[in-house]
Amino acid sequence: MENEEYQTIMLVVAHPDDMEFSSAATVAKFAKEGRRVILVQSTSGDKGTARTDISSEDLAALRESEEREACRRLGVNDIVFLRLHDGELMPDLNFREKVVRQIRTFKPDVVITHDPFRPYSLHPDHRAVGITTVDSVYPTARDPLYFPEHLEAGLEPHKVAELWLFGAEYPDRYIDITETFPLKIEALKAHQSQVGAAETLEERLRERAKEVGAAQDIPLAEAFKVIKMRR
């Protein structure tokens, strides 16, 4: 990271494994550097399966367990499960309050989330999380008259320094993940309900990381669009 003063990183994602597919090697790099990483998990993926022999409740419990193990492998310090329903996320004030509450609780320097502005981003949960998080970072978490009950509970307004969007059409920050790429694969393998035996997972993701890094002469990379919030 360019600014060494940024020590607290928060990710806000839609489903278990969204962090791992998009940003896990970057997260592992931050953790190795001693930065605090917080994951805000909007849903527990309670509909994310082709199986018909499992309930939504049991699937959510399974996927939360997988996420905890993935975070352990990456060195993520804190996980917050909002436990909203898979496929039902809406960018409304109720959802925004939940995200703002976490921003004001943990006071991250950097917030990482889905790019909601990417053309043809098809999953409605990804769009909803992205736009809600962007709207939470600016201006809602910053300004004290939004959600005054937070002040009453001792949660002060907070201004995030940088917003990083993954899955961006036009990224401008490339993270060299050559050393931490194996941890990305190990974290994804924790999501057995989603990746199964993962026989070709490493090969596919390595090729993708090579493609992302090629334009910057980086062997393996993850890429983000960075919006600076503090001027």
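Which residues are buried in helix 4? I looked up helix 4 and found D125, A128, V129, G130, T132, T133, V134, S136, V137 and T140 buried; buried means under 20% relative accessible area, exposed over 50%, and partly exposed in between, with a 1.4 Å probe and protein chains only.

**Basis of the entries**

I worked from a predicted model, in which local features need pLDDT of at least 70 and side-chain atom pairs count only at pLDDT 80 or more, while totals for chains, interfaces and linings use all residues. Residues are numbered from 1 along each chain as its sequence is written, and side-chain values use heavy atoms, with hydrogens and water left out. I took helices (H or I, at least four residues) and strands (E, at least two) as DSSP runs numbered from the N terminus.

**Helix 4**

I noted that the buried residues of helix 4 are covered by elements including strand 1, strand 2, helix 3, strand 4 (110–114) and strand 5 (162–166); contact means heavy atoms within 4.5 Å. Helix 4 has 17 residues and reaches 22 Å from its first C-alpha to its last, close to the 24 Å expected at 1.5 Å a residue. The expected span is 1.5 Å times one less than the number of residues. I also recorded a cis peptide bond between Y138 and P139, with omega at about 5°. P139 belongs to helix 4.

**Helix 3**

I then turned to helix 3 (residues 93–106), where the 14 residues should span 20 Å at 1.5 Å a residue; the end C-alpha atoms are 20 Å apart, in agreement. I listed F95, R96, E97, V99, V100, Q102, I103, R104 and F106 as its buried residues. Their cover includes strand 1 (8–13), strand 2 (36–43), strand 3 (78–84), helix 4 (124–140) and helix 5 (148–152). Just after helix 3, K107 takes a positive phi of about 50°.

Why does E97 count as buried? Its relative accessible area is 14%, and the cut-off for buried is under 20%. Not counting residues up to four places away in sequence, I found E97 touching F147, E149 and H150.

**Positive phi in loops**

F147, one of the residues touched by E97, lies in the loop between helix 4 and helix 5. I read its phi as near 55°, a positive value in a residue other than glycine. F147 counts as buried at 15% relative accessibility.

Is Y120 buried or exposed? Y120 is exposed, with a relative accessible area of 77%. I placed Y120 in the loop between strand 4 and helix 4, and its phi, near 65°, is positive in a residue other than glycine. For context, most residues other than glycine have a negative phi, and most peptide bonds are trans.

I located R83 in strand 3, where it is exposed, with a relative accessible area of 51%. Leaving aside neighbours within four places in sequence, R83 is in contact with Q41, S42, S44, E64 and R68. The C-alpha atoms of R83 and S44 are separated by 5.7 Å, although these residues are 39 apart along the chain.

L62 is in helix 2 (residues 56–74) and counts as partly exposed at 32% relative accessibility. I found L62 and H158 to be 34 Å apart in space, C-alpha to C-alpha, and 96 residues apart in sequence.

**Strands 6 and 7**

In strand 6 (residues 173–176), I assigned R173 and I175 to the covered face and Y174 and D176 to the uncovered one. In a regular strand the side chains alternate between the two faces of the sheet. Strand 6 runs antiparallel to strand 7 (residues 221–228), with 4 bridges joining them; two strands pair if DSSP finds at least two bridges between them. R173 stands opposite F224 in strand 7.

**Largest pocket**

How much space lies in the largest pocket? I recorded about 870 Å³. A pocket is an open set of points on a 1 Å grid over the protein atoms alone, with protein on both sides within 12 Å along at least five of seven lines, and lining residues have an atom within 4 Å of a point. Grid points are joined across faces, edges and corners, and the volume is the space filled by probe spheres set on them.

I found 32 lining residues, of which F21, S22, R118, F166 and G167 lie nearest the centre of the pocket. Helix 1 (18–32), helix 8 (201–214) and strand 7 each supply at least two lining residues, and the largest share, 4 residues, comes from helix 8.

Methods. On a 1 Å grid over the protein atoms alone, a cavity is a set of points where a 1.4 Å probe fits but cannot get out, and a pocket is an open set with protein on both sides within 12 Å along at least five of seven lines; lining residues have an atom within 4 Å of a point.
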